[in-house]
Amino acid sequence: MSYADPRDANYIASANKAHAATQAADYAALGLQLARRQVDIDQITRRVAAFKVAIPSWGVGTGGTRFGRFPGPGEPRNVFEKLEDCAVIQRLTGATPTVSLHIPWDKSDDYIALREHAAGLGLGFDAMNSNTFQDQPGQPLSYKYGSLTHTDAAVRAQAVAHNIECIKAGAILGSRALTVWIGDGANFPGQSHLGKAFERCLESTATIYKALPADWRMFIEHKMYEPAFYATVIQDWGSSLMAAQTLGPKAFCLVDLGHHAPNVNIEMIVARLIHAQRLGGFHFNDSKYGDDDLDAGSIEPFRLFLVFNELVEAELAKAPNYNPAHMLDQSHNVTDPIESLMASAIELQRAYAQALIVERAKLAEYRAANDVLMSAQTLKRGFTTDVSPILAQARVSKGGAIDPVAAYRDSGYRARCAQSRPGKQNLGGGIV
Ligand code: LRH
Ligand code: MN
C-alpha cells in the first residue's frame, strides 16, 4: 500500500482534482436555488468556513464501554501522537484548529514542548478538562464518594488542587478555559444531603474560580446521571446556571448533548442559557438512550439543526456575552476515530449552514401571523436543503479536502500508524 501524508497540501490538492468539476456544478446549482430565496451562497460559505470546533484528545483513540474496548490499529500511544491525528482532521476539514485536553490522561512533564509540537502541526488548545471521577495510582485520597462535594474537606481540597493544576497547565498551552464535570452524586435516596452537597460544590468551585486567570472562563458541565444513578450534584441546566450565577461573570454553562433525559428539549435549554448570558459552550455528540457519545448528527440530526437554529438567532440578535466554545465529546467504539471526528465536525457545519439559510424574514412574518404550518415549514426548509456543496466549498477555501474520508483512506495513514505505532493495546473496559 502506497502512503501519502494526508496533511500535505499537494496531496489534498491532487485528491480534490477528481471531485472539482462535480463540486463546481453542484455548488452553482445550489447557488441558483438559494438565490431564489434571496440567500447569498458565498456569504453562507464564508460563515461556515469560519466555524470551528475543538477535538477531544480522548476521542482520537478507540473508545469503549464498561463491557469492553476493542482497540483499532495504530492507536495514538501518547498526547503527541494524539495531536498528530488531530492535525489530519484539521488539514482535511479545515474546521478543527484546536484540541481539548483531559488531565491526567494528557498529563505532560513539558507543556512548552507540547505547545510547540501542536503549533508545528497548526493546532492550538481549547478548554482543559479536569478529572476527579477516577482515582489515579498513588493518589492519597479516593474519589469513591465524591470529589469537589465530598464530605471530607481533605478530599475536596485534593480535587480543588487538581483543577488548579489543570489551569496552570492550560495557561502554558494557551488554553483559556477549564471545563469542570464531576460525577459526584448518590446511588440511593438518603445517601447524601442534596442541599449540602450542592453547597460544598459551590464552596469548592469558588476556590477554583479564584485561581482562574483574568481572561479565562470556567465551563460547568451538567449531567443527569452516571456514574451516580440516583442523584447527581450538577444534574441539570438549572443547577449549572445557579452555580455559574453564584460563582461570577467568568463562569458559564456547558451543554453536553448526551447529558439529558430522552426527549428533553435541548434547544430550549440553549435558548434559556443564551438569555441568561451564560452559554459557555457545547460538547457535541449524539445519543438514542443515555450518554452514548455517538457521532454528532448520527441519530438526531434535526435536533442538532434546532440547536444551531438557536445559535443563529443569537448571532442575528447580537446576543450579549455570547461566545460559545464548540467541542466534540465522543467515544468511537466501532469506527476509525479520525473518520468519525471528521464526519462529526462536518455534521456540525451542516447544521450551522442549514440554520443560516433559513428565510428569517418570511419566518418572522408567518410567526407574527400565527401561520403555524408555514412557520414550521419555513424553518424546516433549511433542514431539508442539501447544503453539502457549501460544506465542501468551505473546506476547499481552508485548503481542505472535498471528500475528506476518501482522501484519508487513500493516504494509507492508518495502516502507516499501525506499523509506526507498535506496542501493547490495553483491552480493558472503560471509555478510553
Ligand atoms: C462526562 C463527559 C465529560 C468528560 C468525559 C470524558 O460524561 O461528558 O465531559 O470529562 O465525558
Ligand atoms: Mn462531555
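A: First a term: a residue is buried if its relative accessible area is under 20%. By that cut-off, 53% of the 432 residues of the chain count as buried. Keep in mind that this is a predicted model.

Q: Ok. What helices and strands does the chain have, by number?
A: The chain has 15 helices and 13 strands.

Q: What about the radius of gyration of the chain, against a compact globule?
A: The chain has 22 Å. A compact globule with 432 residues would have a value near 22 Å, so the two agree. Along the principal axes, the C-alpha atoms fill a box of roughly 65 × 60 × 40 Å.

Q: And the accessible surface?
A: About 18700 Å² for the chain. Carbon and sulfur atoms account for 57% of that.

Q: Now the metal. Which residues are the protein donors of the manganese ion (ligand 2)?
A: Glu221 (OE), Asp256 (OD), His283 (ND1) and Asp329 (OD). They lie 2.1 to 2.2 Å from the ion. Their spacing in sequence is E-x34-D-x26-H-x45-D.

Q: Where do Asp256 and His283 lie?
A: Asp256 is in strand 11 (residues 251-256), and His283 is in strand 12 (residues 279-284). The pair therefore ties together parts that are 27 residues apart in sequence.

Q: Are those two buried or exposed?
A: Asp256 and His283 are both buried.

Q: Switching to packing. Which residues touch the most other members of the largest nonpolar core?
A: Val48, Leu279, Phe282, Phe284, Phe308, Leu348 and Ile390, out of 107 residues in that core. Helix 10 (residues 337-356) supplies the largest share, eleven residues.

Q: What does Leu348 touch?
A: Leaving out residues up to four places away in sequence, Leu348 touches Phe51, Val53, Phe284, Ala296, Leu304, Phe308 and Leu328.

Q: Last one, helix 8. How many of its residues are buried?
A: Seven of ten, so helix 8 (residues 266-275) is mostly covered. Among the buried ones are Ile266, Glu267 and Ile269.

Q: What do the buried residues of helix 8 pack against?
A: Helix 7 (237-247), strand 11, strand 12 and helix 9 (301-316).

Conventions
Residues are numbered from 1 along each chain as its sequence is written. Chains are lettered from A and ligands numbered from 1 in the order in which they are written. This is a predicted model: local features need pLDDT of at least 70, side-chain atom pairs count only at pLDDT 80 or more; totals for chains, interfaces and linings use all residues. Side-chain values use heavy atoms; hydrogens and water are left out. Donors are N, O and S atoms within 2.8 Å of the metal (3.2 Å for Na, K and Ca); water is not among the atoms, so sites may look incomplete. Helices (H or I, at least four residues) and strands (E, at least two) are DSSP runs, numbered from the N terminus. Buried means under 20% relative accessible area, exposed over 50%, partly exposed in between (1.4 Å probe, protein chains only). The radius of gyration is taken over C-alpha atoms; the globule rule is 2.2 Å times the number of residues to the power 0.38. Accessible areas come from the Shrake-Rupley method with a 1.4 Å probe; for residues, only the protein chains shown count as cover. A nonpolar core is a set of buried Ala, Val, Leu, Ile, Met, Phe, Trp, Tyr and Cys residues joined through side-chain atoms within 4.5 Å. Contact means heavy atoms within 4.5 Å.
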